[in-house]
Amino acid sequence: MELIFEKSRPGRRCTKFPKSDVPRSKELPLKYTRSKPCELPEVSELEVVRHFTNLSRRNFSVDTNFYPLGSCTMKYNPKFSEDLAKLEGFTSLHPLLPQLKLGGILTQGALEVLFNMEKLLCEITGMDAFTMQPAAGAHGELTGVMLIAAYHRAKNNKKKYVLVPDSAHGTNPASAAIAGYEVISIPSNESGLMDIAHMKEKLTEDVAAIMMTCPNTLGLFETEIEEIAKLAHSKDALLYYDGANLNAVLGKCRPGDLGFDVIHLNLHKTFATPHGGGGPGSGPVGVKKELAQFLPISRVVKRDDNTFHLDYKPLNSIGYIAPFYGNFLVILKAYAYILLLGKEGLIRTSEHAVLNANYILARLKNYYDTPVDKKCMHECVFSASRQVKNNGVHALDIAKFLIDRGIHPPTIYFPLIVKEALMIEPTESESKETLDYFIDCMIEADRLSKENPEALKTAPKTMPIARLDETKAARDANCALL
Amino acid sequence: MNIPNGLFYTKEHEWVKIDGDIGTVGITDYAQHALGDVTFVELPKTGIVVKQFQGLATIESVKAASDIFSPVSGKILEVNSKVENTPALINQTCYQDGWIAKIKIKDRSETNNLMDAAAYKKFAEGLGE
């Protein structure tokens, strides 16, 4: 496809400016003017419309195709919440309003959304207080570890390490390191869970926290959490819950009840707000009451007369984590989603997410190796090791083949502890027909790995661009600005 | 799998070649194969002191970013800046031009914590493909 710049022809225009009816101002001083004309494409309106319409038709999204990208939870975003977030009463609010004289009255609805959302998330997770400020999951992790650091500082605890299992999301060790801790990685045992014996060895008085994801990235529920919590707390280490996979256990168990002290949620994963570039994101952080005093400012407070205001006073707060109140419209969409589904609805989303993943696992486990022989939670992990042995067909080749079948590839080569990993998360929204189609394509890929491996190694064939040279793309990045 | 004799190996698939009190360090053929095409190498600064089995460098490939651990303790004398510009050297010639750092070895007896070629071969074969 041609770039819009390649379609440019001198003199061609979309719009015609009217003749100026105001006096011309003095020329800009030379030092402020461009040395050569600005390079803008010269195209007609129809060419612009056609160019961008055609580009948009090459978009791939949950709205167009199945998108089982494990660990990322590419779930469908219902359109009703988008409509709500477009209401003028929300979109035309200025974030400074609550702090202006008489502004409080104009923002009661928005403050109530933030206040109620905090209460709902506390109820869902078993925590005592939440901040809505963090702008994404990893930002929430950093906030969470900073809260842990504030807790230890206040108690004069000298802590140095954070323990992270090797099945964790890569952002966990990164967040702990940015917050100033040294990371100790804890291996997984043969059942795919954190190796407690190893953890005990590393769990000294110097450990500030243990960061866990549950279910973990193998899609397995960590069954020893209560024991881990007890061990951690005996050393005054806090237990951190990476809530990226909370969508598997909604209404089934609450991290707060299991002994977790700090938790972050990814609203886009669990509560169906837009993901990635379509976000922006939102990563609220919840804490037990001992840590509530450290939460970022401001806090939404309900007065005795049921009105709301912002409290900027908390003395022990770690301060601002993001401007204002977080990504408000994203929080609003998640709030609407929770209210629409209600308790029973949320429980069913988790049940269906787990059922769908287990259906795929059960139907594919005779064709692909599995790291452990167990039922999974909301996502299942396979290894293409068998296909590598067949004819040198790698997880990457299978992923590329799925593109030709109209399916977004699953996550590959993650989790790192599984060789040739293919990580599949169907989410709760998909029909049995879609799952069956995906499974058939995976079975076809296995068959081709024996009968015609070239068909996989040369995929995709149906895309505007065939197999990309990923190594060249990474080594010789071409980021020149036009 | 290429495992030259005369080098010492770690369980994390690094090798060290001992030459007097200087150790040349790199990653093994098994490691470069498992990583896939290397796209980026973050080298340590010369002059810093590393401890045995602690982080020395980071290697990114199309599959993952991985820490490279130092097989021996000591001061870093020299790093191979060629692999910064041409990371493919690590895939093509991991035991020669794809070396990562030269370290002034502090304690020769640390090699007791490492494997020789025969032991490493057995170890790597036990890991499967």
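This is a predicted model: local features need pLDDT of at least 70, side-chain atom pairs count only at pLDDT 80 or more; totals for chains, interfaces and linings use all residues.
Me: What is the secondary structure of chain A, and what does its C-alpha trace span?

Reply: Chain A comes to 17 helices and twelve strands. Along its principal axes, the C-alpha trace of chain A spans about 75 × 75 × 45 Å. Of the 482 residues in chain A, 42% are buried. Among contacts between residues at least 6 apart in sequence, 70% join residues at least 24 apart.

Me: Why is Leu193(A) called buried?

Reply: The term requires 20 or more other C-beta atoms within 10 Å. Leu193(A) has 21 such atoms within 10 Å, and therefore counts as buried. Its place is in the loop between strand 3 (182–186) and helix 8 (196–202) of chain A. Leaving aside neighbours within four places in sequence, Leu193(A) is in contact with Ser188(A), Leu220(A), Glu222(A), Thr223(A) and Glu224(A). The C-alpha atoms of Leu193(A) and Glu379(A), 186 residues apart along the chain, are separated by 15 Å.

Me: Why does Ala455(A) count as partly exposed?

Reply: A residue is buried at 20 or more C-beta neighbours inside 10 Å and exposed at 12 or fewer, with partly exposed in between. Ala455(A) has 17 such neighbours, so the term is partly exposed. Ala455(A) lies in helix 16 (residues 453–457) of chain A. The C-alpha atoms of Ala455(A) and Phe401(A) are separated by 8.1 Å, and these residues are 54 apart along the chain.

Me: What makes Asp236(A) and Glu420(A) worth a remark as regards phi, and is each buried or partly exposed?

Reply: Asp236(A) is not a glycine, yet has a positive phi of about 55°. Glu420(A), also not a glycine, has a positive phi of about 50°. Asp236(A) lies in the loop between helix 9 (225–234) and strand 5 (238–243) of chain A. Its 14 C-beta neighbours inside 10 Å fall between the limits of 12 and 20, so Asp236(A) counts as partly exposed. Glu420(A) is placed in the loop between strand 11 and strand 12 of chain A.

Me: Why are helix 6 and helix 7 of chain A called oblique to each other?

Reply: The axes of helix 6 (residues 137–154) and helix 7 (residues 171–178) of chain A come within 9 Å and cross at roughly 45°. An angle under 35 degrees would count as roughly parallel, and 65 to 115 as roughly perpendicular. Helix 6 and helix 7 of chain A are therefore oblique. Helix 6 of chain A passes helix 7 of chain A in a right-handed crossing. The contact includes Ala138(A) and Leu142(A) of helix 6, and Ser175(A) and Ile178(A) of helix 7. By class, this contact has five nonpolar, three polar and one charged residues.

Me: What makes helix 12 roughly parallel to helix 15 in chain A?

Reply: The axes of helix 12 and helix 15 (residues 432–451) of chain A come within 10 Å and cross at roughly 30°. Angles under 35 degrees count as roughly parallel, so helix 12 of chain A is roughly parallel to helix 15 of chain A. Their crossing is right-handed. Asn356(A), Tyr359(A), Ile360(A), Arg363(A) and Leu364(A) in helix 12 meet Leu435(A), Ile439(A) and Met442(A) in helix 15.

Me: Which residues have the most contacts inside the largest nonpolar core?

Reply: That core has 116 residues, and those with the most contacts inside it include Ile148(A), Tyr240(A) and Ile398(A). Helix 12 (residues 328–364) of chain A gives the most to this core, with 15 residues. A second, separate core of 34 residues includes Tyr30(B), Ala31(B), Val72(B) and Leu89(B).

Me: How many residues does each chain bring to the contact of chain A and chain B?

Reply: Chain B provides seven residues and chain A nine residues. The side of chain B has three nonpolar, one polar and three charged residues.

Conventions. Residues are numbered from 1 along each chain as its sequence is written. Chains are lettered from A and ligands numbered from 1 in the order in which they are written. Two residues are in contact if their C-beta atoms, placed from the backbone, lie within 7 Å. Ala, Val, Leu, Ile, Met, Phe, Trp, Tyr, Cys and Pro count as nonpolar, Asp, Glu, Lys and Arg as charged, and the others, Gly among them, as polar. A nonpolar core is a set of buried Ala, Val, Leu, Ile, Met, Phe, Trp, Tyr and Cys residues joined through C-beta atoms within 7 Å. Helices (H or I, at least four residues) and strands (E, at least two) are DSSP runs, numbered from the N terminus. Axes are lines fitted to C-alpha atoms, for helices over the stretch in contact, and angles run from 0 to 180 degrees between N-to-C directions. Angles under 35 degrees count as roughly parallel, over 145 as roughly antiparallel, 65 to 115 as roughly perpendicular and the rest as oblique. A crossing is left-handed if the near helix is turned anticlockwise from the far one by less than a right angle, and right-handed if clockwise.
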